[in-house]
Amino acid sequence: MKGDCLTKFIYVNKYSKRSVIAGFLPTLSMTLFYLTLIVFIPLSGLLFNTLQMNTSQFLSLVSSPRVQAAFKISFGLSLMAGAISIFFGTIIGWVLTRYRFPGRRVLDAIIDLPFAMPTSVSGITLAALYSEQGWIGSYLNQFGIKVAFTPLGILLALIFVGFPFVVRAVQPALEEIEPEVEEAAACLGATRGQTVRKIIMPQLTPALLTGFALAVARALGEYGSVIFIAGNIPMVSEIVPLLIVIKLEQFDYLGASALALLMLLASLGLLLFINVLHMLLRISYAKTSSAA
Amino acid sequence: MRKPPLLLKDPVWMKILLILISFSFLSLIVIIPLLSIFLQAFAEGWQSYLRALSTFETISAIKLSLLVTMIVVPINILFGLVASWLISKFSFPGRQLLIASIDLPLSVSPVIAGLIFVLLFNSQTTLGHWFIENGFPIIYAIPGIVLATLFVTSPYVVRELIPLLQQLGNDEEEAAHLLGASGLRTFMRVTLPNIKWGLLYGTILCTARALGEFGAVSVVSGNIQGLTNTLPLHVEVLYNEYKFTQAFAVASLLTFIAVVTLTLKTVIELKTGKIQRAG
């Protein structure tokens, strides 16, 4: 028995040098196989299809006013939605971690609802509620504010899908801030406002960046919750994902894949940029705290 | 959670103001919409609500959604266990890249997730042509819906398990190994009991997404009523046909599932005593 155990130990160690735990090769091959089948091969099709276009086809697609307008609308509104999500997300995160009030747990659970609801359900609900006949829309209409079927409607839908990312990024960061640091600041005579600005906000910045990036990336690709409330007027309220679907319905596979590739690269680029910024922030933070 | 000392308390007016802002924002954007779904679903009473849910199209949409979920979730559980075991128990070159690849579908637009399968299997491609010739079309049919759903749901179980497994470390598995347990036995008797809540949590998230996926499925499905319409697509069809009460009746069903998902999530968090954050 003893010898058996020992040979097995050596045998396993020969295969996966760093661990005695079984299953390196089988799990590696299964994971790679599955990812290749479901993710890598399908996604690479995007590149291959786009490469089939010649330069002039590509340029005429990219320079068409409708495409340019869609990209402006998608990026402009996603960034705006991200910024607004930061504002409300931080307040909600603060309220949920720092205050105790009845209904807090329910409120905390409700934050995830935009994650959990099918986007078509959110889409028709927001559209019905904020249209001119809807409960909220008819009220806003008295003040001349039209939400549904305008860019404002798209913005609303994008905030809806984006703000939970900010809240969920901010909450753990706020919980991690040590009360001692805040106490020290208060003892040294800082007002509450100064403490928030100089002690809490700097520690919160990386989390806010992460939340912002995730919210914007989600907003850029969002389709279901937007199309019902957007009105989808070309040049005014048509987002890139919808344009991809329209190209596809016209069997313009190359055009659809080119737009999709641009969109994907843009959102991956954004996430990468934020990650790099995140790292730089951490380095500079480590420097200042070690210098202090 | 610690109680903040007196010194750190925000002024009361500030507290009230911030709570009010939070409540109003959430009311306008989440709570009122949530309530309005149920109110509109029952606007014409119980009977028409039940009638809306028992039409042929709705029943077949429910069946299709359940079928797709029953195929997709077990595959994801298996993939989740295998991939998270690989990532958390071994260190190897390219590990970080593999983690990024696993997360990749989360940053791909649902529309693109559907598009890539249309590009791969449409009738103009050799592959797509071959499948159609042999009487097994992939897109505008159920296999395409399953593939697109697999793509969008693939990160959910893995992402819940990786941090959990890493936190647990290898000690118990190594002990089991030294005591002579086989790899599978170690997994079943040592690892699985340790990660059951995380696995359940990931499975719930995965199920909710599989039942609720709209964008990716709408691109590959071709919207053939009674054949390739899942529940979220059926909501869109009814809404576009101006059958609002029916649309909201079906929507209320999906919303109910979403609310149950969140409730289970909260219960599991309380049970494990760990505050898990989606990200």
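**Exercise 1.** In which helix of chain A is the place of Leu32(A), and is Leu32(A) buried, partly exposed or exposed?

*Solution.* This is a predicted model, in which local features need pLDDT of at least 70, side-chain atom pairs count only at pLDDT 80 or more, and totals for chains, interfaces and linings use all residues. Residues are numbered from 1 along each chain as its sequence is written, while chains are lettered from A and ligands numbered from 1 in the order in which they are written. Leu32(A) has its place in helix H2 of chain A, where helices are DSSP runs of H or I with at least four residues, numbered from the N terminus. A residue is buried if 20 or more other C-beta atoms, placed from the backbone, lie within 10 Å of its own, exposed if 12 or fewer do, and partly exposed in between. Leu32(A) has 16 other C-beta atoms within 10 Å and is therefore partly exposed.

**Exercise 2.** Find how many residues of chain A are in contact with chain B, and which helix gives the largest share.

*Solution.* Contact requires that the C-beta atoms of two residues, placed from the backbone, lie within 7 Å. By this rule, 80 residues of chain A are in contact with 77 residues of chain B. Helix H2 (residues 24-51) of chain A supplies the largest share of the side of chain A that touches chain B, namely 14 residues.

**Exercise 3.** Describe how helix H7 of chain A packs against H12(B).

*Solution.* Two packed helices are described by the angle between their axes and the distance between the axes. The axes are lines fitted to C-alpha atoms, for helices over the stretch in contact, and the angles run from 0 to 180 degrees between N-to-C directions. For H7 (residues 119-130) of chain A and H12(B), the angle is about 25° and the axes are 8 Å apart. Angles under 35 degrees count as roughly parallel, over 145 as roughly antiparallel, 65 to 115 as roughly perpendicular, and the rest as oblique, so H7(A) is roughly parallel to H12(B). In the contact, Ser120(A), Val121(A) and Ile124(A) of H7(A) meet Pro232(B), Val235(B), Glu236(B) and Tyr239(B) of H12(B).

Definitions and conventions: Helices (H or I, at least four residues) and strands (E, at least two) are DSSP runs, numbered from the N terminus.
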